[in-house]
Amino acid sequence: MRLAAAVLFLNASVVGANELCAAVSGARIIAQDDENTYLGKVASAYDSDSIFNEYDSYGSEYSSDSIWNEYSEWGDEYSSVSPFNKYSSTPPMLIKDGEVIGYLSANKSMKAAVSPSMLKALCEDEL
């Protein structure tokens, strides 16, 4: 519910980037595949599990576990489980405190979703 309000804010420009970053800070990113694959978390670039840490598995553009690797299942714009697929109805979930607070998705029609590119632009230096 927290992100739902915070993300809808983003689409409607009701609140600012600080509120979005605070809402998603610490959220785990879980794929909607058969294994519910862990794809890292939204955290400081100094955290080894952070999608903003370009030197570790979840933030590196070369890692098969990273959403930033456009050649991996998670970064391919055509993969049904990728946050970059503009038409996917099964993008990665953002989970915080054991509940789904939103989705990481480029699909503009999806409610409670935030684009991974926008998340990076707004929050990478804020966390």
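Trainee: How does Asn36 count, as buried, partly exposed or exposed, and with what relative accessible area?

Mentor: Asn36 is partly exposed, with a relative accessible area of 46%. Buried means under 20% relative accessible area, exposed over 50%, and partly exposed in between (1.4 Å probe, protein chains only). Before going on, note that this is a predicted model, in which local features need pLDDT of at least 70 and side-chain atom pairs count only at pLDDT 80 or more, while totals for chains, interfaces and linings use all residues. Residues are numbered from 1 along each chain as its sequence is written, and side-chain values use heavy atoms, with hydrogens and water left out.

Trainee: What are the mean pLDDT of the protein chain and the share of residues that reach 70 or more?

Mentor: pLDDT is the predictor's confidence in each residue, from 0 to 100. The chain has a mean of 90, and 88% of its residues reach 70 or more. Over residues 5-14 the pLDDT is below 50, and this stretch has 19 contacts in the model beyond near neighbours in sequence (contact: heavy atoms within 4.5 Å).

Trainee: How many helices and strands does the chain have, and in what order do the elements run?

Mentor: Helices (H or I, at least four residues) and strands (E, at least two) are DSSP runs, numbered from the N terminus. The chain has 3 helices and 5 strands, in the order α-α-β-β-β-β-β-α from the N terminus on. Of its 127 residues, 47% count as buried.

Trainee: What is the strand order in the sheet, and which strands are at the edges?

Mentor: Two strands pair if DSSP finds at least two bridges between them. Here the 5 strands form an open sheet with mixed pairing, in the order E2-E1-E3-E4-E5. At the edges are strand E2 (38-41) and strand E5 (113-114), each of which pairs on one side only. Helix H2 packs on this sheet and touches E3, E4 and E5; its direction makes about 70° with that of E3 (axes are lines fitted to C-alpha atoms, for helices over the stretch in contact, and angles run from 0 to 180 degrees between N-to-C directions).

Trainee: Which strands does E3 pair with, and over how many bridges?

Mentor: Strand E1 (residues 28-30) pairs with E3 in the antiparallel sense over 3 bridges. Towards E4, Met93 has Tyr103 as its bridge partner, and Ile95 stands opposite Val100.

Trainee: Which residues of E3 lie on each side of the strand?

Mentor: In a regular strand the side chains alternate between the two faces of the sheet. In E3 (residues 93-96), Met93 and Ile95 are on one side and Leu94 and Lys96 on the other; all are buried, and both faces are covered.

Trainee: Which residues of H2 are buried, and which exposed residues are on the face turned away from them?

Mentor: The buried residues of H2 (residues 17-24) are Leu20, Cys21, Ala23 and Val24. They are on the same side of H2 because they cover an arc of only 160° around the axis (the arc of the directions from the helix axis to the C-beta atoms). The face turned away from the buried side carries the exposed residues Asn18 and Ala22.

Trainee: Which residues are in contact with Ser60, leaving aside its neighbours within four places in sequence?

Mentor: Ser60, in the loop between E2 and E3, is in contact with Asn53, Glu54, Ser66, Trp68 and Asn69. Ser60 is buried, with a relative accessible area of 11%.
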